[in-house]
Amino acid sequence: ALHLPVHGLAGMLCEVSVSTSASGVQIKREVQKATGIPVKEQRLFIGNAEISNNMLLNEAKGYLAAGISLVRRPPEHSRWILDVMSDQQGLRHAPVEAREVPEVVAAAIKQWGGDLLQYASLELKSYRELVLAAVSSEGLSLQHASEQLRADREVVLAAVAQWGCALRFADDALKADRQVVLTAVSADELSFNSRVNLRLAKEGVDREHALQYASAAMWVDHQVVLASLKTRFWLLGDPAARELSESRVFIIKAIDVHGSGLLKWVSSILRADRVVVLAAIAMHGAEVQAKTEHQLQEDKHQGKSRKHVPRCSFYRDQSPLEHASEALKVDRKVALAAVAAGGCGAWRYVARELKADQEFVCAAKALSMAACPFPHELDFQSDIDNEEQEYLRWSNRLRGQPQQFGDEDSDEAHRV
């Protein structure tokens with residue numbers, strides 16, 4: 001057991017005997033026995049650190065030689081703390097005097113979240129530790145902090161790490177800070193899937209995103225915009241992103257990182273760029289291949305013996321060729337690459353001139369067998385004016401040819 005002296009403002013009050021593994025509340029109970037001061041009115045300190053109820057004494061072994069300091073909390077403070085911890089609206093309806101006490105506000109924030117910072121007194125909104133605790137649990141509570149703390153880099157970093165769009169309330173200088181903005185856009189995926197943003201999306205309202213609050217310089221920073229595109233390809237359509245949306249180097253890098261679907265959002269200039277479109281097609285092929293291999297692994301775990309999964313099972317209606325310029329849809333190399341990568345998903349976007357070219361059709365048919373096993377007798381050349389009907393026609397014929405997959409896969413082929 002440890003024998004700890006307990007000191008007050010006027011000197012030593014008592015000595016308590018506790019085990020080395022005692023918790024803060026156990027120490028307070030011993031102090032209550034010795035002094036009569038209720039546990040809820042005690043604030044115990046080891047040096048400058050306050051002992052919380054859950055803190056274990058052995059966590060502060062090296063600081064026990066000088067003993068423990070006791071500061072008695074006024075009874076009304078104790079009552080206010082209990083009130084705000086038992087009712088989420090307690091701080092809102094608390095007396096003005098209660099909202100001026102750091103302990104009372106801190107207890108409410110710890111119990112119910114940082115948004116309660118809005119009910120703190122003006123003076124407490126400048127208390128750094130209190131604001132840090134608030135923004136760490138609710139980033140948007142940064143809006144209630146003092147102007148000085150909204151320019152504090154550590155406070156703002158804590159806020160945007162919790163909620164990216166808290167960048168909106170940061171000082172302008174920090175909106176141009178690369179690390180702050182990167183932290184915000186990296187955390188922005190959480191707000192992207194938030195209930196509020198999903199509701200706004202259904203109502204046709206643009207979703208909020210962290211980059212919209214960054215400085216103009218951040219919109220041309222490759223790393224920042226690349227991080228933002230993870231969940232928001234459509235940012236490339238923002239006028240502020242025009243410079244990067246027209247940069248071949250950046251867009252190829254973005255496609256490599258985020259996938260072929262990005263091509264839809266790049267500038268019309270780059271959708272007519274052969275190199276960019278071929279890069280998207282190559283990525284699309286890799287995506288389909290990865291999906292195919294994953295499906296085979298799933299089949300193996302489920303005891304299926306399929307040796308082949310037709311690529312047309314995935315991304316059936318998708319291909320980067322859809323978003324390429326009309327000139328590239330007539331480009332034989334581009335069209336053949338798209339068919340080889342995505343099979344039937346790409347065929348519907350091939351230019352009609354190429355579909356009328358028998359040599360091209362034969363080449364496409366040969367390449368597509370690796371991606372999607374079309375029936376050999378399928379007529380690629382069609383006089384049907386409606387491209388959608390054409391697509392449905394040969395898709396339905398595909399479903400009617402299960403022998404192309406092997407006997408053991410007949411049922412699966414019908415589903416495809």
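Glu326 is exposed, at 58% relative accessibility. Here, exposed means over 50% relative accessible area, buried means under 20%, and partly exposed lies in between (1.4 Å probe, protein chains only). Lys329 counts as buried, at 10% relative accessibility. Lys329 and Glu326 form a salt bridge, with their closest N and O atoms 3.5 Å apart. A salt bridge is a side-chain nitrogen of Lys or Arg within 4 Å of a carboxyl oxygen of Asp or Glu. Both residues sit in helix α13 (residues 326-329), three residues apart, so about one helical turn separates them. Helices (H or I, at least four residues) and strands (E, at least two) are DSSP runs, numbered from the N terminus.

This is a predicted model, in which local features need pLDDT of at least 70 and side-chain atom pairs count only at pLDDT 80 or more, while totals for chains, interfaces and linings use all residues. Residues are numbered from 1 along each chain as its sequence is written, and side-chain values use heavy atoms, with hydrogens and water left out.

**Charged pairs**

Side chains of opposite charge can pair when their charged atoms come close. How many salt bridges does the rule give? The count comes to 15 salt bridges. Three of them, including the pair above, are set out here.

| Salt bridge | N to O distance | Accessibility of each residue |
|---|---|---|
| Arg128 and Asp152 | 2.8 Å | Arg128 29%, Asp152 17% |
| Asp273 and Arg248 | 3.0 Å | Asp273 13%, Arg248 40% |
| Lys329 and Glu326 | 3.5 Å | Lys329 10%, Glu326 58% |

Take the salt bridge between Arg128 and Asp152. Arg128 lies in helix α4 (residues 128-137), and Asp152 in the loop between α4 and α5 (153-162), so the pair ties together parts that are 24 residues apart in sequence. Arg128 is partly exposed, whereas Asp152 is buried.

Now take the salt bridge of Asp273 with Arg248. Asp273 lies in the loop between α11 (268-271) and α12 (274-301), and Arg248 in helix α10 (residues 248-258), so this pair links parts that are 25 residues apart in sequence. Asp273 is buried. Arg248 is partly exposed.

**Helix α10**

Which residues of α10 are buried? They are Phe250, Ile251, Ala254 and Ile255. Seen down the axis of α10, they fall within an arc of 135 degrees, so they line one face of the helix. The arc is that of the directions from the helix axis to the C-beta atoms. On the other side of α10, Val249 and Asp256 are exposed. After α10 comes Gly259, with a positive phi near 105 degrees.

Five of the five residues of strand β3 (residues 42-46) are buried, so the strand is largely enclosed by the rest of the structure. Gln42, Leu44 and Ile46 point one way from β3, and Arg43 and Phe45 point the other way.

Two strands pair if DSSP finds at least two bridges between them. β3 pairs with strand β5 (residues 68-72) in the antiparallel sense, over four bridges. There, Arg43 has Val71 in β5 as its bridge partner. Two bridges join β3 to strand β4 (residues 49-50), also antiparallel. Ile46 has Ala49 in β4 as its bridge partner. β3 and β4 form a hairpin with two residues between them. In the turn, Gly47 has a positive phi of about 65 degrees.
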